[in-house]
Amino acid sequence: MRKISNKTSRRSFLKLTAAALTAPYIIPASALGKNGFIAPSDRINIGVIGVGKQGSGHVWGFLRMPETQVLAICDVDAKKLQRSMDAAAEYAESNGFKSNCVGYNDYREILARPDIDAVCIGTPDHWHAIMTIQAVKTGKDIYSEKPMTLTIAEGQRMVEAVRKYNRVFQTGSQQRSSYGFRHACELIRNGYIGEIQKVHVHIQTGFIPHPVLCELGVEPKPEELDWDLWLGPAPWRPYNSIIAPPIEWGGWPEWRNYRDYSGGGMTDWGAHHFDIAQWGLGMDESGPSEIIPPNGKDMEKLTYIYENGVTMTMDIEGNGIDFIGTEGRIFINRSELKSWPEHIVDEQIKPHEIHLYESNNHKLDWINSIKNRTKPICDVAIGASSCNVCHLGNIAIQMGRKLNWNPDMQQFIGDMEANRHISRAIRSPWRL
Amino acid sequence: MFRNLKSIFKVIFISCIFLSLTGSATAEEIEVTLNAIQKTIAAVEKYDYGQSREDLVNFSELVRMASNQNKLLPEIEDAMLNLLESDATFATKQFICKELSLIGTQASVKTLNKLLMDEKTADIALYALERIPDPEVDKVLRKAAGKTKGRVKIGIINTLGQRKDFASMKVFKKAIKDNDPIVSEAAIAAVGKLGTIEAADLLTKQLAKASSEDQKISIMDALLNTANEMRSEDEQLANSLYQGLYEKDKPLNVRTAALRGLIVTLGDDASLMIKQAVQEEDLAIKSTAIALIRELPEGADVADVIAAMPVLEPGLEVQLLAAIMDRGEKKHADAARKSLNSNDEAVRIAALKALIVLGDAKDVTTIADKAANTTGPEKETAREALYRLSGPKVDDTILAEIVITDVKVKRELIRSVGHRPIPTATKTMLSTAKDDDRNVRTESLKSLGVIAQPESLPSLIDLLVSAETSAEIKEAQKTVSLVSQKIEDKSAQSDAILMVLPGLEDPKVYGSLLEVLGGIGSPKSLPVLQKSIKSKKAEIRLSAIRASSDWPNGDPMTDLLPVAQKSKDETERILALRGYIGLVKKSELDDAGKVAAYKSAFDLAEQINEKRQILSGLSEIETIASLEMMGEQLDNPDLKAEAEVGIMSLRRGLAESHPQKLKILLKKIVETTEDERIRSRAKDTLDQLN
């Protein structure tokens with residue numbers, strides 16, 4: 001049995017905040033030692049929060065990085081926590097040392113530890129904002145899974161908080177750290193297919209494209225699960241295993257389908273592909289100005305219009321981003337990069353042309369940014385605006401009418417009804 | 001139930017668009033009558049967790065259409081409130097509150113207030129209330145805050161803070177003194193969202209008399225928020241708040257946050273602030289101050305700030321270089337140049353990265369020297385810097401340096417010619433491709449492949465003809481092939497080589513040019529290959545076989561097969577057979593033709609590698625003939641694994657047309673395979689077929 005903290009989770013935020021405020025800034029030794037070895041004292045100490053299907057992979061990733069050591073793991077499901085704790089212990093043993101990783105049920109215990117430099121948040125979406133805002137107060141840098149937010153307001157608060165405390169935040173939209181996506185966007189930004197006119201974003205997904213009300217029934221709660229803490233800020237409802245499946249379930253949990261926890265397939269793959277669309281269009285930290293939902297008649301697809309006239313559509317079939325310019329076309333997804341004419345993808349970006357931020361490893365880019373105190377490739381403001389594109393689509397679908405959006409003010413223009421969708425109340429005692 | 005609806009006498013037609021559960025829109029014009037509305041609402045009343053959401057979706061659609069057309073809303077709202085006042089289930093009331101959050105008005109406040117007073121329903125009431133933009137909501141919440149405690153009170157205060165209710169100051173003041181620390185903390189946070197002088201005053205006073213260290217931390221966070229909120233309206237007050245929070249007795253995280261605030265509000269004095277901060281002993285303050293150089297206004301004297309830096313430890317020097325780079329002002333390149341001489345590798349790498357953005361032609365020599373004389377990440381970064389360094393004279397400087405510098409640096413500069421690329425460098429590269437140093441020659445050929453244009457083909461062919469080592473020959477072949485393929489007219493791509501070939505006497509040279517023809521694949525050159533494959537000279541025959549094997553389609557198959565069948569030379573037979581197998585896939589033969597071709601090849605194959613290559617090709621042809629051919633190899637221990645993989649690849653495509661044959665083979669795989677994953681998949685398919 002590994003070390004699992006038994007401390008009660010019913011604590012004041014205050015106590016935890018005060019305890020953790022001594023968290024040091026990371027000034028690690030700048031150079032690697034022999035054979036790339038980094039002394040434990042110079043590694044970045046990581047806490048991983050949420051170790052389900054995605055988060056448990058992050059534990060592995062950080063265990064293997066020479067620059068990091070995983071000192072804490074948290075999950076509201078004791079069995080999932082134990083699985084990752086075992087993985088950490090086995091990794092340590094197979095590498096000739098003893099694991100000093102501690103497990104927690106309540107993430108606030110991790111935030112309270114002054115020796116933890118940074119946290120990786122792999123929880124469902126409804127937790128990302130609260131955890132981030134609390135984490136930056138305690139001096140932690142953050143890697144948060146995509147989609148970064150559940151609402152537009154959450155993104156606004158997260159950007160404010162991260163900037164306020166000078167923290168480094170990486171959004172897990174890792175396609176930006178792939179050569180193909182970067183090259184495609186560099187070609188587009190440098191005009192290799194002329195002026196961009198249309199973008200078709202294809203986000204075929206196993207989840208319901210636009211989130212729905214949760215109708216699931218009541219099931220007995222597994223003993224190992226802290227259901228109240230799983231729900232956290234989300235509206236209360238009884239337990240159901242479709243939303244929070246037990247460890248035996250090998251597939252993806254389906255909380256993504258439900259509006260209280262996520263934005264459906266739209267924010268699942270959309271957080272990747274709309275992110276690339278925005279990158280290619282040079283619209284980071286901005287967004288479209290009109291959003292038009294399909295109406296089954298003349299408007300077949302969810303359509304976005306940018307201030308410069310570019311239109312972008314969302315398609316629930318296929319997977320990838322199709323940029324159409326006046327002089328060519330580029331299609332990119334995780335397995336292919338194609339252009340029309342064909343030779344365009346073979347073009348090199350010249351020294352005087354636009355070179356986009358280069359990262360070839362999303363986690364390592366975050367670690368380097370922590371060391372250098374720079375914004376990583378998918379900084380909080382980028383993650384927020386890319387996610388906003390998804391939210392705007394979902395809101396337009398939900399409202400069933402055209403919306404006018406001011407991406408600078410992050411408000412719907414003269415539309416009080418639509419502006420109600422920007423934020424939503426969260427369950428007490430949680431707050432943004 | 002429908003108090004006001006009863007007064008509706010007009011039948012109202014609403015065109016409704018129902019979204020399916022998958023989100024795709026289907027237009028459906030439906031007539032909505034009073035009866036239909038009543039029926040929908042009645043259906044909602046009976047809802048509970050676990051039932052179909054259909055009625056809820058229908059109701060939401062109704063609300064949405066009414067909202068978009070501004071019709072029936074008061075009546076629908078009234079109906080919803082009636083539901084909230086009824087003994088409907090919690091699930092129904094929760095659903096209704098979510099809907100009210102989107103369309104609720106002042107009319108909802110009274111009913112929602114009742115739910116707010118009940119701990120079981122307070123959260124769902126707040127869900128609705130928080131989004132209703134009516135001052136009546138704030139009034140009710142303020143009153144409710146005084147009557148509640150614990151979790152409900154916390155929720156109310158959070159909502160008042162979220163709504164930025166300036167009139168709640170009294171409520172917040174009182175709540176700050178609450179015995180429950182979480183209530184107190186919520187009130188402090190709510191005050192921090194207001195961004196007013198009054199809020200700043202309250203928090204400042206409260207900080208002086210805070211009941212605990214924890215409360216102090218909350219207050220300081222709220223003060224930071226207040227200052228940030230006030231920055232645009234009262235910069236001076238914001239600045240004074242930051243000053244207070246930057247004092248040395250404050251926690252580090254608060255001080256660094258305050259430092260950011262000071263930098264962005266101090267204007268011209270911000271540089272001075274950074275200069276002072278970097279003199280502090282604390283690394284966190286130094287680090288933050290360095291990072292905040294990015295925030296200094298345009299035109300700030302950054303050079304002065306850099307000059308005032310104390311001796312920095314390497315980690316901080318890296319941060320400084322990153323900050324200077326992010327500002328992108330070329331006038332600060334000297335700071336990066338200086339750091340190139342650091343004893344610390346990470347600092348030198350950071351300096352090289354900074355020079356990519358800040359450097360110019362003056363840096364070419366130094367960076368090239370680094371690329372030539374360092375190793376590992378530093379070398380790679382230097383190379384990248386050389387490829388991306390921009391400026392008006394960078395290309396010219398690179399070309400000038402190539403002529404005068406030493407061999408190692410020259411190689412790096414030549415390498416950069418292809419990577420940047422420098423199209424005007426062809427003449428220089430044609431010259432360096434004849435350099436005494438073999439590596440310089442090879443790098444030059446690589447760069448020529450990128451930059452040279454077809455008019456240089458005669459010179460490039462000359463280089464190929466005169467190439468000495470096999471590595472150089474290969475590189476020259478690649479270069480000639482690449483440049484030939486830049487000719488738009490495909491049929492003309494091999495003309496330059498075809499023109500030279502008849503005059504060549506050395507079979508080795510002749511062969512090396514023949515091999516280039518294969519990669520280009522211009523139809524004009526096929527007769528030359530066909531003739532050469534029958535040459536009396538062995539070197540020419542081998543090159544022709546290689547060229548034919550590289551051909552982009554299956555046209556040379558008929559030339560290669562006889563060689564594979566009849567040649568007396570084993571090498572020729574093997575190479576021709578491999579080439580033939582490779583061309584089957586590229587050919588335009590139909591599936592039956594491809595299987596027949598593979599079968600001929602299989603009969604000829606003497607070596608196991610060729611047989612494996614054939615099975616791999618067969619696995620992509622979904623025919624019973626290819627399945628049978630692979631089935632025959634399940635007993636061959638050398639080919640069993642490939643046959644299993646191939647059959648598994650075909651199983652889906654052939655399950656419907658040839659289930660019996662497939663079953664026999666899958667059963668055999670299940671019984672005999674040593675690969676557990678394959679066994680499991682084969683078993684799954686068998687189960688499905690049965």
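A:Ala78 counts as partly exposed because its relative accessibility is 41%; with a 1.4 Å probe and protein chains only, buried means under 20% relative accessible area, exposed over 50%, and partly exposed in between. This residue lies in helix H3 of chain A, which covers residues 78-94. Helices (H or I, at least four residues) and strands (E, at least two) are DSSP runs, numbered from the N terminus. A:Ala78 and A:Glu223 are separated by 145 residues in sequence, while their C-alpha atoms are 8.7 Å apart.

## Basis of the model

The model is predicted: local features need pLDDT of at least 70, side-chain atom pairs count only at pLDDT 80 or more, and totals for chains, interfaces and linings use all residues. Residues are numbered from 1 along each chain as its sequence is written, chains are lettered from A and ligands numbered from 1 in the order in which they are written, and side-chain values use heavy atoms, with hydrogens and water left out.

## Chain A as a whole

Chain A contains 13 helices and 15 strands. Its radius of gyration is 22 Å, which agrees with the value near 22 Å for a compact globule of 432 residues. The radius is taken over C-alpha atoms, and the globule rule is 2.2 Å times the number of residues to the power 0.38. Along the principal axes, the C-alpha trace spans about 60 × 55 × 40 Å.

Of the 432 residues in chain A, 65% count as buried. A contact means heavy atoms within 4.5 Å; among contacts in chain A between residues at least 6 apart in sequence, 72% join residues at least 24 apart. The accessible surface of chain A, about 15400 Å², belongs for 51% to carbon and sulfur atoms. Such areas come from the Shrake-Rupley method with a 1.4 Å probe, and for residues only the protein chains shown count as cover.

## Helix H5 of chain A

Helix H5 of chain A runs over residues 128-137 and is mostly covered, with 10 of its 10 residues buried. Among them are A:His128, A:Met131, A:Gln134 and A:Lys137. Just after H5(A), A:Gly139 has a positive phi of about 80°.

## Chain B as a whole

Chain B has 40 helices and two strands. Its radius of gyration is 40 Å, whereas a compact globule of 690 residues would have one near 26 Å. Taken along the principal axes, the box filled by its C-alpha atoms is roughly 105 × 80 × 50 Å. In chain B, 56% of the 690 residues count as buried.

The mean pLDDT of chain B is 92, and 95% of its residues reach 70 or more; pLDDT is the predictor's confidence in each residue, from 0 to 100. Over residues 1-31 of chain B the pLDDT is below 50, although this stretch has 70 contacts in the model beyond near neighbours in sequence. Where pLDDT is low, the predicted coordinates should not be read in detail.

## B:Leu650 in helix H38

Helix H38 of chain B, residues 640-654, contains B:Leu650. B:Leu650 counts as buried because its relative accessible area is 0%. Leaving aside neighbours within four places in sequence, its contacts include B:Leu618, B:Ile621, B:Ser626 and B:Met630. B:Ser626 is 24 residues from B:Leu650 along the chain, and their C-alpha atoms are separated by 9.0 Å.
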